[in-house]
Amino acid sequence: MANAIWNPDMECMNRKDLESLQLERLKALVDYCDRNVEFYHNRLSAAGVTADKIKTLSDIQYIPYTTKTDLRDTYPFGMFSVPRKDLVRVHASSGTTGNPTVVGYTREDLDNWSEQVARVVVAAGASDESMVQICFGYGMFTGALGLHYGLERIGATVVPTSSGNTEKQLKFMRDFGTDTIVATPSYCLYLAESARERGEEFPLSQYKLRLGLLGSEGCTPEMRREIEERWGNGFFATDNYGMSELNGPGMSGECRERDGLHINEDHFLCEVIDSKTGDVLDKGSTGELVVTNLTKRGIPMLRYRTKDITRINYEPCACGRTTARMHKIIGRSDDMLKIRGVNVFPSQVESALIGISEIGPHYQLVVRREGYADTLEVRVELIDGSLLERYGELEALQLRIHDRIKTILGIEIKVSLVEPKSIERFTGKAQRVVDLRNR
Ligand code: DLL
């Protein structure tokens, strides 16, 4: 796989030049929001902020945060800043409650978006030689079309299979010699599993798959190793991140060093805050990521609270890029389960489960309230269902898993080992948590 840089001028810029470009863009954005979006005009006026008050990047702290609730409250187009005829696309992300969040793109936005994705996929190792199967659902979700346009921009051959229809996905992969896959980590793993169910052996040597552009949901290093071992043949999985409110995929992605996700900093100005107090944290601290999309025009985003937990490393990378790198998403502040006062992220449970040969990579966390106490049940699938009848072995395995998870979380849990294939599979983002406390 190639080790190229798509836009060295931007990706390898020295920090001083980058920061002055960010400042110039930030001022222009504040002015633009003030003049074109009533919502922002009101917010900025109430806070006493105008573009000429922004003298340094740290003056961003005077701008109020924007949240998903603001987008929902102004559904569908209340935060758009251009007349509808200037929009060339809309996308939406479906939340679990209330109105979806709707986002709009001008032609210039689509152009910037493709550029951002082009950088991310080239950093991961894709090139104009790549044959890429996009297994994200095409539609209102930003994942498929976002990656599609970025990959076309670099000249890759795109195979837009969309999600689902596993048999056909595998057939095209074999027949076309697909070498790169775009999917969620859980779907990439599921495809490998499905190939084995057709009677193929791990590692899956009938396939030419070498590169995974995986994103849209978290993936622990342990799960990534599992995915790579199943596909075999040097399959190299990379992580990329984004969200529809910030265009979609393309905000950041890993290079071949896989030591953090390079942020497209000329487009995205990032801060890390304490999600409880809203205070901006020192560089390098772990907290909630807040992003200002410096170049977005259809629906501009000032200090958007992502709810994703990470930290940012500003050291230059061995790959030659100087852009800051965000750590893999550790969890979401709203995904974090508070169980008997302890913070629990699904990713912690995942890292405890991977590597135990008797169980598959599918799991679910079920939280209940019994009396006044919260309980956590971790449901895990066995690879061999006949173990359910061998009580001695089953109990020993249950205890081993229990102890591993308990050591990491520090709280009592219940482990249930369940039949193979009894936990629901997802072609999009996997849903790991079932919270029954408020039912
Ligand atoms: O998931 C955009 C995307 C598509 C990114 C394809 C990468 C690849 P939304 O549907 O709006 O957009 O969901 C955004 O998904 O706030 C994170 O919580 C989560 N997420 C996205 N990428 C990652 C990742 C797309 N690499 C929400 N790791 C975000 C962990 C991720 N979580």
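Strand S5 (residues 180-183) runs parallel to strand S6 (residues 211-215), and four bridges join the two. Strands pair here if DSSP finds at least two bridges between them, while helices (H or I, at least four residues) and strands (E, at least two) are DSSP runs numbered from the N terminus. The model is predicted, so to speak, with a few ground rules: local features need pLDDT of at least 70, side-chain atom pairs count only at pLDDT 80 or more, and totals for chains, interfaces and linings use all residues. Residues are numbered from 1 along each chain as its sequence is written, and side-chain values use heavy atoms, with hydrogens and water left out.

**Around strand S5**

- Buried means under 20% relative accessible area, exposed over 50%, and partly exposed in between (1.4 Å probe, protein chains only).
- In a regular strand the side chains alternate between the two faces of the sheet.

**The antiparallel sheet**

- An open sheet is formed by four strands in the order S10-S11-S12-S15, with antiparallel pairing. Its edge strands, S10 (268-273) and S15 (331-332), each pair on one side only.
- Two bridges link S12 (residues 301-310) with S15, and Asp308 has Arg332 as its bridge partner in S15.

**The ligand and its shell**

- The ligand is surrounded by 22 residues, and the closest are Ser216, Asp239, Asn240, Ser244 and Asp308.
- The shell divides into six nonpolar, 10 polar and six charged residues. Ala, Val, Leu, Ile, Met, Phe, Trp, Tyr, Cys and Pro count as nonpolar, Asp, Glu, Lys and Arg as charged, and the others, Gly among them, as polar.
- Helix H6 (142-153), strand S7 (236-243) and strand S8 (248-254) each supply at least two shell residues, and S7 gives the largest share, five residues.
- A polar side-chain atom of Asp239 lies 2.7 Å from a ligand nitrogen atom, and a backbone N or O atom of Glu217 lies 3.3 Å from a nitrogen atom of the ligand.
- A side-chain N or O atom of Lys429 is 2.9 Å from an oxygen atom of the ligand.
- The protein buries 92% of the 610 Å² that the ligand exposes when taken alone; these areas come from the Shrake-Rupley method with a 1.4 Å probe.

**Helix H3**

- Phe39, Tyr40 and Leu44 are the buried residues of helix H3 (residues 38-47). Seen down the axis of H3, they fall within an arc of 115°, so they line one face of the helix.
- Glu38 and Ala46 are exposed on the face turned away from that buried side.

**Backbone details worth a look**

- Most residues other than glycine have a negative phi, and most peptide bonds are trans.
- Tyr75 and Pro76 are joined by a cis peptide bond, with omega about -5°; another cis bond joins Phe202 and Pro203, with omega about -15°.
- Ser216, in the loop between S6 and H9, has a positive phi of about 80° and counts as partly exposed at 24% relative accessibility.

Conventions: A residue is near a molecule or strand if one of its heavy atoms lies within 4 Å of it. A polar contact is a pair of N or O atoms within 3.5 Å; within protein, one must be able to donate a hydrogen and the other to accept it, and residues adjacent in sequence count only if both atoms are side-chain atoms. The arc is that of the directions from the helix axis to the C-beta atoms.
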